[in-house]
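Hi there,

Here is the structure I promised to pass on. Have a look at it first, and then read on for my notes.

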Amino acid sequence: MNCTIKMWLGICLCLFIGKRASGQSDSTSIYVGHILYPSSDSARITALQKLVKHGEPSTFPFLAAINEKKIFLLDGQPVTTGSAQQLADGSEVFEIFYLYPKSQAVLNSDGTPKLLPVSSLEKIDISRSDRLSMAPILPYLNLANPDPKKRIIAYGQLLTSSDSSKINVLSGALNLEKDKEALTAGKEILFQLKLEQAKSETVAKAYVDSLDSNWGENVTLILKDYSVSGKLEGAKKYAAGKVTDLESLQGRIQKAQNLFSGISLGSILILIALGLAIVYGLAGIINMAHGEFLMIGAYSTFCVQKLFIDILGIKSDLFFFVSLPVSFIIAGIFGLILERLVIRHLYSRPLESLLATWGVSLIMVQLARSIFGDLTAVKAPSFLAGGYQVMPHLILPYNRLFIIGLTIIVVSLTYLMLYRSRLGIQIRAVTQNRSMSACLGVETRKVDAITFFLGSGLAGLAGCAMTLIGNVVPDMGQTYIVDSFLVVVTGGVGKIAGAILSGLGIGFLTKVLESFYEAVYGKVLILALIVIFLQFKPRGLFPDKGRIAED
Amino acid sequence: MEKTKDFRLYLAFIILFAILLPLGNLMGFVSNNTISLWGRYFCFAIAALGVDLIWGYTGILSMCQAFFFCLGGYSVAMHIVMKGATASGTSGSAIPDFMVWNQINALPFFWVPFQSFGLALILGLLIPAAFAFVFGYFIFRSRIKGVYMAIITQALALAMWLLFLRNETMLGGTNGLTDFKSLLGLSLSSPGVKLGLYLFSLAGLCGTYFFSKKLVDSKFGKVLQAIRDSESRTSYTAYRILDYKLAIFIVGALLAAFAGMLYAPQTGIITPGRMDVRASVEMVMWVALGGRGKLKGAILGALVVNFLYSICTSLFPDSWLFILGFLFVITVLYFDKGFLGMIEKIGGGIGKKKNKITEVAEQQVV
């Protein structure tokens, strides 16, 4: 529907531009006819050139369709296709728009938009050389384009065009602009053009101010250029001052952005490290395959998506909500199997468990590679696209916000589970003293198994969340495993609070250091910091107290 | 009894690798490729000896041995690349090719010493030793051990790997150093030099083996094993644990670096891929599979695993990781003492009682 509105806007705009070319519509319809049904090869190009020369606005949608090679005939009328829709059987149908004399949607008799496959339309082929003859008018055609991105490009093209009327055309187009982003971009161009033509210092300063308050994408660049190559001395200095202000502001925004991405990286680390910390504290197991549960979670999300879209044919974002619990459960089940087959023979032998689970992780990665291939991606659900705009240029992406929210929920649930439930008290008892709890009737094996299930499930959940921000690859777990182990080490083994604090700290520091140095040096520095930290707190932030802590 | 058995084993080893294989190569039965392959296995075995000293005898699980290995390898590779650049380039511009591609015009200062072979050798050992000293000092001082040690060293390996991947470090980035032509005027592609390097690696392996054997049989070695079995009790008897651990950590790093120095000219390439976390863990795997706490086990593990690797990757390339993974899980779960333990178990039921006692003792290791 949005498309239709844009088309109408286009027509209004065309009317505005076209004041200079009224009274020619009779001949234009003849030319349109010539283009659609040329009597000879030269007739088409002549007609096209005439239309271009007249520049009549009502023909712009028609010419734009020719330029985009999306012109068809429907019952003898020129039409173009709009956005595509997929039918249940997988074939694509398109919305159809009339082009001339009026640009409007083709409707069924009951008023709903008509949807047709491309094959039912008769395509008109217009040769490249003919299309090239439209070059002089191209910048204007896209000003009426229904797609805001195309309009932004069209505004940009005006900057280099030598047409003297461009400022008028641009301000006319901006009057009709509804899209926020496109409006900012267009205004920037407009102000830039006006600034270049400004004759007096006050006017120039006013435009510098307008550029500043408009705060578009390239404002710093434009003002910098002007402060070097501008014509008016006073305005040049003024612009230079604005540039320094803007740069410091951008620096602050960058910092805020870093802070945010640090928190979001930290929350992923927390999600992974939480399971690790609990399992290590409980059973003295270093699970190198923990990262592979992350991978399993991500692949289950991928499979759920496949199931929903390819087999059930449900194309909503529902799959993501289903895949959250599914990835938890599947990763947990794999964890249970691993516990049964390998880990239970290795309790409280951390080094051996480290090596054995490393072997397991090799197997799992290779298995995933042979089943799924090297690279797959989950389509992020549409409600998580975009971001929350705190202020211009400071956008917090919804997917990262979602991950942070998920982490908060999961951490609170884990906390409740550990400190407010019967299972939690058993887990803590076994963590503290295995044999004593066994004597008091706690089924330690069962507690171990459940804990392992939960820990692996948490990693699976992290994997599901990871699909929002990256591709699904077989060795995705290994990128995070060393980091999350560092989280466990600095946090103190088996401590939730430690994992949270150090996860946030490490994620945050990584991003901050990355912004100062290259990512790699940031990593080296983090390691150095952790080694220094461990000089003072060798057992992490929250060490076990008492003699049991010593070996 | 034990001595004659050992002697027979050494004899068999020498006859097979020092006489039969080279002779076969000279007579054309054994391809040059096989010779340099085994030469490389010997290098791995030397590195495995280092891992065994650190992990098997002292109980420190270090997961950055591949990094030390590569430090040695890179130093020799840098020398060879430098020589190649001086030989091919015009007199003024002796800069390795990859630097020219990266638009670096002057030789970075740390490349300068590697123009001389002697200095390259010394630095190839000195840098890893210094690195091991500094890193080890801070780690052992704060009594980081066991799992913590494994994780920290793993992080070190990861960080260094990332560092070497960069082009700014001017060590060739992802592509590493390659295109080796000659070492000390000898062409590295000629079969004679390959055989020579093979024999040199073999000699190096034998030398480091007997050195390590002396070391672990000495009082120093006994203290190491005491540290492995109970660190706190050893420290109560007034041994300075830090010194011992640091010393063996440096020895391990030196062995790895030495192995790397022999490895680079035989392979013809050294890349950061040799020093990632997985490479380090694989070194530990060799020792675990061969039988840790036994020098022969480390050598056996390194040779067997790499030999298997060569066979498997050519026969069924996709399943090597499955095989390695399963081998690893099975060994850790069922054969604590690795291949060597298996052989001994099959070899004879003598001294069963004795075995049981050591088993109990070793359970407290970890």
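Which domains does the domain assignment of chain B give? The assignment has domain 1 at 1-30 and domain 2 at 36-279. Before I go further, please keep in mind that this is a predicted model.

**Domains of chain B**

Taken over C-alpha atoms, the centres of domain 1 of chain B and domain 2 of chain B are separated by 28 Å. Five residues from domain 1 of chain B and four residues from domain 2 of chain B form the contact between them. On the domain 1 side of that contact, four residues are nonpolar, one is polar and none is charged.

**Where the chains meet**

The two chains touch through 37 residues of chain B and 30 residues of chain A. On the chain B side, four helices each supply at least two residues: α5 (117-141), α6 (146-165), α11 (277-290) and α13 (320-334). Which of them gives the most? That is α6(B), with 13 residues. By residue type, the side of chain B that touches chain A has 28 nonpolar, five polar and four charged residues.

**Confidence**

For the model as a whole, the scores are ipTM 0.80 and pTM 0.73. Chain B has an average pLDDT of 80, with 90% of the residues scoring at least 70. Chain A has a mean pLDDT of 78, and 89% of its residues reach 70 or more.

Within chain B, helix α10 (residues 241-267) has the highest confidence, at a mean of 90, while helix α15 (residues 352-363) has the lowest, at 48. Two stretches of chain B deserve a look here. Residues 353-357 of chain B stay under 50 in pLDDT, and the model gives them zero contacts beyond four places in sequence. Residues 359-366 of chain B are also below 50, but that stretch has nine contacts in the model beyond near neighbours in sequence.

Chain A has a stretch of this kind as well: over residues 14-24 of chain A the pLDDT stays under 50, and the model shows 18 contacts beyond four places in sequence for it.

**Chain A overall**

Chain A contains 22 helices and eight strands. Of its 551 residues, 42% are buried. Taking the contacts in chain A between residues at least 6 apart in sequence, 68% join residues at least 24 apart.

The domain assignment of chain A gives domain 1 (2-142), domain 2 (147-231) and domain 3 (252-549). Over C-alpha atoms, the centres of domain 2 of chain A and domain 3 of chain A lie 48 Å apart.

**Helix packing around α17(A)**

How do α16(A) and α17(A) pack? Helix α16 (residues 398-420) of chain A meets helix α17 (residues 422-432) of chain A at an angle of about 75 degrees, and their axes are 5 Å apart. An angle from 65 to 115 degrees counts as roughly perpendicular, so α16(A) is roughly perpendicular to α17(A). From α16(A), the contact uses Met417(A), Leu418(A), Tyr419(A) and Arg420(A), and from α17(A) it uses Leu423(A), Gly424(A), Ile427(A) and Arg428(A). These residues divide into five nonpolar, one polar and two charged.

On to α17(A) and helix α19 (residues 444-466) of chain A: their axes come within 10 Å and cross at roughly 110 degrees. These two helices are therefore roughly perpendicular to each other. Here α17(A) contributes Leu423(A), Gln426(A), Ile427(A) and Val430(A), while α19(A) contributes Thr444(A), Val447(A), Ile450(A) and Thr451(A). The contact of α17(A) with α19(A) has five nonpolar residues, three polar and no charged.

**Two loop residues**

Most residues other than glycine have a negative phi. Ala238(B) is not a glycine, and yet its phi is positive, at about 70 degrees. You will find Ala238(B) in the loop between α9 (231-236) and α10 of chain B. Is Ala238(B) buried or exposed? It is exposed, because 6 other C-beta atoms lie within 10 Å, and 12 or fewer count as exposed.

The other residue is Lys178(A), in the loop between α8 (166-176) and α9 (180-197) of chain A. Lys178(A) has 11 C-beta neighbours inside 10 Å and so counts as exposed. Along the chain, Lys178(A) and Pro148(A) are 30 residues apart, and their C-alpha atoms are separated by 9.1 Å.

Best wishes

Definitions and conventions:
Residues numbered from 1 in each chain as written. Chains lettered and ligands numbered in written order. Predicted model: local features only at pLDDT ≥ 70, side-chain atom pairs only at ≥ 80, totals over all residues. Contact = placed C-beta atoms within 7 Å. Nonpolar A, V, L, I, M, F, W, Y, C, P; charged D, E, K, R; others polar. pLDDT = per-residue confidence, 0-100. Domains from an automatic or database assignment. Buried ≥ 20, exposed ≤ 12 C-beta atoms within 10 Å, placed from the backbone. Axes fitted to C-alpha atoms, helices over the stretch in contact; angles between N-to-C directions. Parallel < 35°, antiparallel > 145°, perpendicular 65-115°, else oblique.
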